[in-house]
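Keep the picture open while you read.

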Amino acid sequence: PGSPKGREAYAKLLVPILGIQRDLDTVNELVRQDEKTAALSKADAILSKPEFQKITFKKTFNAFADNIYYSDPDRANAYLGGGAVPKNEQSIAYLLRNDILTNVESLQAEVTYLIKEQKKITNGEETGLLETEDLYEYAKTASLGMKKYVELVPPTELELGRKYLTSS
C-alpha cells in the first residue's frame with residue numbers, strides 16, 4: 001500500500017465504500033424530512049441497491065480491508081491456528097463493518113415497515129403518526145459507523161478515493 005501503485009489500487013477499492021457512505025448519509029437526511037411518503041420511498045430505493053445486500057456488502061468491505069479471512073483455503077483463518085494475526089485496525093474495521101451492516105439491515109426493515117404503515121394512514125385504515133425513533137436511530141448509527149470506518153483509512157488513500165468517487 002505504500003507505493004504509488006499500491007495507494008492507487010487501495011484507493012480504487014475504497015470507492016464503493018465511499019459510495020455506501022454517501023448513500024447512508026443521504027438516507028439519514030431523507031428519513032428526517034417532514035414529508036415521509038416521498039422520503040421513505042427514496043430511502044427504500046437507495047437501500048434496495050445491490051451494494052446493500054448482505055453478501056455484496058461484506059465482499060465490498062473485505063476487498064478493501066486487509067481482511068482477516070483469506071480466500072485461499074490453505075490460509076483461511078490462519079490466525080486461529082496461530083498463524084497471521086490481524087492488526088488492531090483490521091479488527092476494529094471488521095467490527096465496524098458488522099455494526100454498520102446490522103444497522104443497515106434494521107434500517108431496511110424499518111423503512112419497509114413504515115412505508116406500509118404510512119399507506120394505512122393515507123388510506124384511512126389507521127390514524128396517528130408514524131413512530132420514527134427506531135428509524136432515526138438506525139440511520140444515524142449506520143451513518144456514524146461509516147464515518148468511523150472511513151477515519152481508519154490513511155489520509156492519502158482517502159483523498160485519492162474521494163477524487164475517484166467524484167470523477168466516476
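In which helix does Glu-133 lie? Glu-133 lies in helix H5, which covers residues 133–151. Keep in mind that this is a predicted model.

Glu-133 is a handy place to start. With 56% relative accessibility it is exposed, because the cut-off for that label is over 50%.

Now for opposite charges. Side chains of opposite charge can pair when their charged atoms come close. How many salt bridges does the count come to? The count comes to six. Here are three of them, with the N to O distance for each pair.

| Salt bridge | N to O distance |
|---|---|
| Lys-49 and Asp-23 | 2.8 Å |
| Glu-117 and Lys-120 | 3.5 Å |
| Glu-151 and Lys-147 | 3.2 Å |

Take the pair Lys-49 and Asp-23, whose side chains meet in a salt bridge. Lys-49 sits in the loop between helix H2 (36–47) and helix H3 (54–64), while Asp-23 belongs to helix H1, so this pair ties together parts that are 26 residues apart in sequence. Is Asp-23 buried or exposed? Asp-23 has a relative accessible area of 6%, so it is buried.

Next comes helix H4 (residues 88–122). Glu-117 and Lys-120 are three residues apart there, which means that about one helical turn separates them. Glu-117 is buried at 13% relative accessibility, whereas Lys-120 is partly exposed at 30%.

Helix H5 has a pair too: Glu-151 and Lys-147 both lie in it, four residues apart, or about one turn of the helix. Glu-151 is exposed, with a relative accessible area of 53%, and Lys-147 is partly exposed at 45%. Some salt bridges also share partners: that is how Glu-117, Lys-120 and Glu-126 are joined into one network.

Gln-21 itself lies in helix H1, which runs over residues 4–30. Its relative accessible area is 12%, so Gln-21 is buried, the cut-off being under 20%.

Methods:
Residues numbered from 1 in each chain as written. Predicted model: local features only at pLDDT ≥ 70, side-chain atom pairs only at ≥ 80, totals over all residues. Heavy atoms only, no water. Helix = DSSP H or I, 4+ residues; strand = E, 2+ residues; numbered from the N terminus. Buried < 20%, exposed > 50% of the residue type's maximum accessible area, 1.4 Å probe, protein only. Salt bridge = Lys/Arg side-chain N within 4 Å of Asp/Glu carboxyl O.
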